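Subject: Handover of a structure

Dear colleague,

Please find the structure below, together with its sequence. I would ask you to keep it open while you read the notes that follow.

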Amino acid sequence: MAKKHYLLLLPFIINTLQAQEFIIKETPSVINVQYSSVAFADVNGDGFADVLVAGADGGYNLRSNLYFNDGHGNFTLSNNPNLLVIREGAAAFADIDNDGDQDLLITGITEVTSPSGSYGNRTKLYSNDGTGIFTEIQDHGIEAFSNSAMVFEDVDNDGDKDLIIAGFKGGNSATNLYLNNGTGSFALANANINGLINIAHPAIALADIDNDGDKDLLLSGIDHTDYQIKMGLYKNGGSGTFTKVNNPGIEPIFTGGAVFGDIDNDGDIDLLMVGADPVYAKVAKLYTNDGTGTFTPVADTPFIGAQYGSVKLADVNNDGFKDVLITGYRNPNMRADLYMNNGSLGFTPAADMPFIGMSNSAFEFADVDNDADMDVLITGQNSPLGTLTKLYINQTNTLSAAERELVAVKLYPNPSGGKIRIALPEHIAVNKIEVYDTTGKKVWTPQPASLIDITALPASVYIVRIYTYKGILIRKIIKN
């Protein structure tokens, strides 16, 4: 209600900019699923991001549908009727045989024919004919996992995609490394990982954390032999042989995700971990890298932790900084929270997003409408809305060049107990600043400047209007 009052208060303002805007695009052809997996790839070679959506639908029927994209974010069901249907599994595209198209691996809990109505773990590997039609590869040697995650990456620097997969296998937690011989034939190579932990409900992330040119490995999840939540960080020797890092200072999680990325734009790879910790608290923890693979936790981030969801990085407003989206369950709420990155380890929760909170969820970013910004597809379960799949279209590149300049402006630090800096481009001056409370009442008109001193304001949430010759910028700030 406060927001409505605020909008009605100033109806004469036309050129009003928010930090980021997404709109929901209806996708009636795409199935609603939870316990889900989502994977984007251009599978038919037309330059557009196609999508695989797998999981349990609203009636708890298991589904795996591949959809072709027309380049405008409109999806049509492909002619692949026999893909493995799963829940609580994983799916991923990769060119496993180096023929220039995207092949597909699916694993998870599926329906089995005998006894009727029962479930079991299955894995199927498919080759792509280049047009998006997939044929099952027999005798591929990859074991079946559920409650799983997997990543394709060239870990031994031989030019082909290897596979790391973890989850439940035969009733126990397990982690497997498979090396690819270049033709799509995989060989188990667990001995290559010193101190390998076997985990389910896993997070898997690969990146060059020590700037030596190879992909290092992080694993985190629950070991069902002793029901301990465990984490392993492994440095790659360059040929796909991994050595475990002792006492890396990273807290283990499970039923969540981990993602590597250069979050502070200093040229090395940082880490964000989201899920349940060893005492089952929902956490979201950011770690910075010193360039050698040594990580330090960042205090006082605004991230809300969750489990049974996912975390991803994407530059959603094209300002050069990796933003953060977190989905999942945090009692009593389902979450879908976007945080905007100011480039210096400061994040601001994005206001007024249309995202529907999801548990048992998966999501992926992709530019589905070919306008050079990142859209997002989120699947999962929301109470009371039920099982959902929602496509959100990013509006960044529908703005004019002048509008995009203002959308990229950051206010930091935020929250703050004192001064907040307005990071405007040098050629844009602040003409006027107004500060409103959440009821729409103007509480302060500071002198126009690039620095706002909010020390005298009571602790609360405020709306700041910043007037420039290129438009009016609206931001939420928090005085702590």
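Helices (H or I, at least four residues) and strands (E, at least two) are DSSP runs, numbered from the N terminus. Two strands are said to pair if DSSP finds at least two bridges between them.

Please note that this is a predicted model, in which local features need pLDDT of at least 70 and side-chain atom pairs count only at pLDDT 80 or more, while totals for chains, interfaces and linings use all residues. Residues are numbered from 1 along each chain as its sequence is written, and side-chain values use heavy atoms, with hydrogens and water left out.

Strand 12 and its neighbours

Strand 12 covers residues 162-169, and seven of its eight residues are buried. Buried means under 20% relative accessible area, exposed means over 50%, and partly exposed lies in between (1.4 Å probe, protein chains only). Strand 12 pairs with strand 13 (residues 172-180) in the antiparallel sense over seven bridges; in this pairing, Gly167 has Ala174 of strand 13 as its bridge partner. Strand 12 also pairs with strand 11 (residues 146-153), again in the antiparallel sense, over six bridges. There, the bridge partner of Val151 is Ile164 in strand 12. As background, the side chains in a regular strand alternate between the two faces of the sheet.

Strand 25 and its neighbours

Strand 25 (residues 333-341) is mostly covered as well, with seven of its nine residues buried. Strand 24 (residues 323-330) runs antiparallel to strand 25 and is joined to it by seven bridges, while a hairpin of two residues links these strands. Within strand 25, Ala336 is the bridge partner of Thr327. On to strand 26 (residues 347-349), which is antiparallel to strand 25 and joined to it by three bridges: here Asn341 stands opposite Phe347. The hairpin of strand 25 and strand 26 has five residues between the strands, and Gly343 in it takes a positive phi near 90°.

The chain as a whole

How many helices and strands does the chain have? The chain contains two helices and 36 strands. Its radius of gyration is 23 Å, close to the 23 Å that the globule rule gives for 480 residues, so the chain is as compact as a globular protein of that length. This radius is taken over C-alpha atoms, and the globule rule is 2.2 Å times the number of residues to the power 0.38. Along the principal axes, the C-alpha atoms fill a box of roughly 70 × 50 × 40 Å. Of the 480 residues, 56% count as buried.

Most residues other than glycine have a negative phi, and most peptide bonds are trans.

- The peptide bond from Ser383 to Pro384 is cis, with omega near 20°; Pro384 is in the loop between strand 28 (375-382) and strand 29 (386-394).
- Tyr412 and Pro413 are joined by a cis peptide bond with omega about -10°; Pro413 is in the loop between strand 30 (410-412) and strand 31 (419-423).
- Asn211 is not a glycine, yet has a positive phi of about 55°; Asn211 is in the loop between strand 15 (200-207) and strand 16 (216-223) and counts as partly exposed at 48% relative accessibility.
- Asn265, also not a glycine, has a positive phi of about 55°; Asn265 is in the loop between strand 19 (254-261) and strand 20 (270-276) and is partly exposed, with a relative accessible area of 40%.

Is Leu105 buried or exposed? Leu105, in strand 8 (residues 103-111), counts as buried at 0% relative accessibility. Leaving aside residues up to four places away in sequence, Leu105 touches several residues, including Ala90, Leu125, Met150 and Leu163. Contact here means heavy atoms within 4.5 Å.

His201 lies in strand 15 and is partly exposed, with a relative accessible area of 22%. His201 and Gly256 are 55 residues apart in sequence and 7.4 Å apart in space, C-alpha to C-alpha.

A colleague
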